[in-house]
Amino acid sequence: MQSVSETYKQIVAGDFKTQVKVLINGTEHGHGVLRSLKTKNQVFAQGLPSVGGCYSGEIDIVIQKPSQVIPKQAKLQPFVRVHDIEETKFSAWIPKGVYYIDTRKTAEDGTSVKILTLHGYDDMLRAEQDYPDSALVWPAKDIDVLREIAAFIGVELDERTVEKVVNGYDIPYHEGYSCREMLGFIAAMYAGNFVMSDTGKLRLIVLGDVYEDGEEGSYLINEEGFAITFGGVR
């Protein structure tokens, strides 16, 4: 579960509301321009317990089209926070993933305002590439393989992954395999699956985490801009 502040805990102990915003290539978009935001992440294929998988997260955003040009594969970073009903106390913004634009569509909302719909994926898609030229001596230790893959696809290893991958399994070199296939091989050894964390790091989630840490993996959904619910199975 993602760490939250004491302020957050105090606010959610009573009546509260939620707010969301998204950074698009570092530019903030929130109240007034953000129409809806949904993210979808899963640990299991089709919701059924399984191991050895690597699953990409997705994001859908509907926003009033900004004046600045949004480049291809721009970075999308959603955040959520809570506040009391009187709007006198606010929690810090909590990151809910790092994604990149895959498709976009522009339309009008019946007025002169143009609406931009964006769909994106997280960094797990980068793992579809063939395993790179390796500097390791094979067979290589599991944690060293993970570090090499993470560096190749341009992400960091989540600290919780490092804490779990401690068995020192010897991983044989599989010529022609993708990074994603190698990740799945290691994930199966630890009875888990790989996903990207809320802060955009490569995270191994084992079966026990689903019960101990389920809240972080729940769907984040904002239907009308600010109404977010946390629930369901990832």
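Reply: Start with a loop. Glu87 sits in the loop between β5 (75–84) and β6. Keep in mind that this is a predicted model.

Me: What is the phi of Glu87?
Reply: Glu87 has a positive phi, about 60 degrees, although it is not a glycine. At 46% relative accessibility, Glu87 counts as partly exposed.

Me: Now the peptide bonds. Where is there a cis peptide bond?
Reply: Look between Trp138 and Pro139. Omega is about 0 degrees there. Pro139 belongs to the loop between β8 and β9.

Me: Let's turn to charges. How do I read a salt bridge?
Reply: Begin with the general idea. Side chains of opposite charge can pair when their charged atoms come close. The cut-off here is a side-chain nitrogen of Lys or Arg within 4 Å of a carboxyl oxygen of Asp or Glu.

Me: How many salt bridges does a search of the whole structure find?
Reply: The search finds ten. Take Lys96 and Asp198 as one case. Their side chains meet in a salt bridge at 3.0 Å, N to O.

Me: Why does the pair of Lys96 and Asp198 tie together parts that are apart in sequence?
Reply: Check the loops. Lys96 lies between β6 (94–95) and β7 (99–108), and Asp198 lies between β11 (192–196) and β12 (202–206), so the pair links parts that are 102 residues apart in sequence.

Me: Are Lys96 and Asp198 buried or exposed?
Reply: Both Lys96 and Asp198 are buried. The cut-off for that word is under 20% relative accessible area.

Me: Which residue forms a salt bridge with Arg180?
Reply: Glu128 does, with the closest N and O atoms 2.5 Å apart. Arg180 is in helix α4 (residues 179–189) and Glu128 is in the loop between β8 (114–122) and β9 (140–141), so this pair ties together parts 52 residues apart in sequence. Now read the accessibility of each partner. Arg180 has 17% relative accessibility and counts as buried. Glu128 is partly exposed, at 44%.

Me: What separates Arg147 and Asp144 in helix α2?
Reply: About one helical turn, because Arg147 and Asp144 are three residues apart in helix α2 (residues 142–153). They form a salt bridge, and the closest N and O atoms are 4.0 Å apart. Arg147 counts as partly exposed at 44% relative accessibility. Asp144 is also partly exposed, at 32%.

Me: What about like charges? Which residues gather in a patch of positive charge on the surface?
Reply: The patch holds Lys65, Lys72, Arg104 and Lys114. Look at Lys114 for its place in the fold. Lys114 lies in strand β8. Its relative accessible area is 44%, so Lys114 is partly exposed.

Me: How do I read a polar contact? With which side chain does the side chain of Asn41 make one?
Reply: Look for a pair of N or O atoms within 3.5 Å. The side chain of Asn41 makes such a contact with the side chain of Tyr99, at 3.4 Å. Asn41 is in the loop between β3 (34–40) and β4 (58–64). Asn41 counts as buried, at 18% relative accessibility.

Me: Last topic: sequence distance against distance in space. How many residues apart in sequence are Val51 and Ala187?
Reply: They are 136 residues apart in sequence, but 6.7 Å apart in space, C-alpha to C-alpha. Val51 is found in the loop between β3 and β4. Val51 is partly exposed, with a relative accessible area of 39%.

Me: How far apart in space are Ala127 and Cys54?
Reply: The C-alpha to C-alpha distance is 9.0 Å, while the two are 73 residues apart in sequence. Ala127 has its place in the loop between β8 and β9. Ala127 is buried, with a relative accessible area of 0%.

Technical notes:
Residues are numbered from 1 along each chain as its sequence is written. This is a predicted model: local features need pLDDT of at least 70, side-chain atom pairs count only at pLDDT 80 or more; totals for chains, interfaces and linings use all residues. Side-chain values use heavy atoms; hydrogens and water are left out. Helices (H or I, at least four residues) and strands (E, at least two) are DSSP runs, numbered from the N terminus. Buried means under 20% relative accessible area, exposed over 50%, partly exposed in between (1.4 Å probe, protein chains only). Patches are made of residues with over 30% relative accessible area and no salt bridge: like charges are joined within 9 Å, nonpolar side chains (Val, Leu, Ile, Met, Phe, Trp, Tyr) within 5 Å. Accessible areas come from the Shrake-Rupley method with a 1.4 Å probe; for residues, only the protein chains shown count as cover. Lys and Arg count as positive and Asp and Glu as negative; His and the chain ends are not counted. The place of a charge is taken as NZ of Lys, CZ of Arg, CG of Asp or CD of Glu. A polar contact is a pair of N or O atoms within 3.5 Å; within protein, one must be able to donate a hydrogen and the other to accept it, and residues adjacent in sequence count only if both atoms are side-chain atoms.
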